[in-house]
Amino acid sequence: MITTGDTMSKQHEQHTLVRTLVLGILSGGRSATPLAVLALNHDRSSLKGSWQDWKVFSTPLGRGLLVASAVGELIGDKLPMTPNRISPAGLVGRIGSGALVGAALGTTGKRDLRIEGAILGGVGAIVGSFVGWGARKLVGATTRLPDPVVALAEDAATIAGSVKVITAD
């Protein structure tokens with residue numbers, strides 16, 4: 001017999017896995033933003049998990065570096081010499097970031113879903129990289145807005161989406 005607790009646990013697991021996929025997709029847009037938002041929510045009780053003990057999240061230096069990386073990426077993305085997000089190096093970094101944020105979020109439930117979270121986060125980053133790249137080109141071409149303006153809108157969407165996903169209970 002399935003109990004209410006089992007049903008609630010399964011729903012939490014499904015919710016967590018969807019969140020890891022979405023954070024991966026957002027990592028495809030700005031690789032460091034979901035990690036920085038998670039770092040800034042380190043003490044949030046609804047996110048209680050073993051990720052909070054990982055050095056990159058448990059120390060002020062680690063959290064500061066994640067936030068600084070996100071700020072640097074937001075600035076660097078607007079520079080003409082910045083490589084394309086779907087270049088091999090850019091894609092590898094985004095996959096790594098998506099996998100890390102997915103693994104971290106995967107530790108927040110009763111059952112450890114860090115492997116599943118890492119896989120979904122990494123796959124989401126691939127999807128987000130290509131869809132985001134295509135959308136940015138399409139919006140730029142159809143609106144004739146300068147690329148940095150389109151990039152700012154992408155920044156805002158990625159930050160807002162990351163905050164919404166990470167702070168959702």
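A residue is taken as buried under 20% relative accessible area and as exposed over 50%, with partly exposed in between. In the predicted model described here, Arg 111 has a relative accessibility of 38% and therefore counts as partly exposed. Arg 111 forms a salt bridge with Glu 116, in which the closest N and O atoms are 3.3 Å apart. Glu 116 likewise falls in the partly exposed class, at 29% relative accessibility. A further salt bridge joins Arg 114 to Asp 112, with 2.7 Å between the closest N and O atoms. Both partners are again partly exposed: Arg 114 has a relative accessibility of 28%, and Asp 112 has a relative accessible area of 41%.

The count of salt bridges in the model comes to 14. One of them is formed by the side chains of Arg 30 and Glu 154, which meet at 3.1 Å, N to O. Arg 30 lies in the loop between helix H1 (4–29) and H2, whereas Glu 154 belongs to helix H7, so this pair ties together parts of the structure that are 124 residues apart in sequence. Arg 30 and Glu 154 are both buried, in contrast to the partly exposed Arg 111 and Glu 116. Arg 30 and Glu 154 also take part in a network of salt bridges, in which they are linked with Asp 77, Lys 78, Arg 85, Arg 136, Asp 147 and Asp 155.

Helix H2, which spans residues 33–40, is mostly covered, with seven of its eight residues buried. The buried positions are Thr 33, Pro 34, Leu 35, Ala 36, Val 37, Leu 38 and Ala 39. An α-helix has 3.6 residues a turn, so residues three or four places apart point the same way.

Most residues other than glycine have a negative phi. Arg 144, although not a glycine, has a positive phi of about 60°. With a relative accessible area of 74%, Arg 144 is exposed, whereas Glu 154, in helix H7, is buried.

Methods. Residues are numbered from 1 along each chain as its sequence is written. This is a predicted model: local features need pLDDT of at least 70, side-chain atom pairs count only at pLDDT 80 or more; totals for chains, interfaces and linings use all residues. Side-chain values use heavy atoms; hydrogens and water are left out. Buried means under 20% relative accessible area, exposed over 50%, partly exposed in between (1.4 Å probe, protein chains only). Helices (H or I, at least four residues) and strands (E, at least two) are DSSP runs, numbered from the N terminus. A salt bridge is a side-chain nitrogen of Lys or Arg within 4 Å of a carboxyl oxygen of Asp or Glu.
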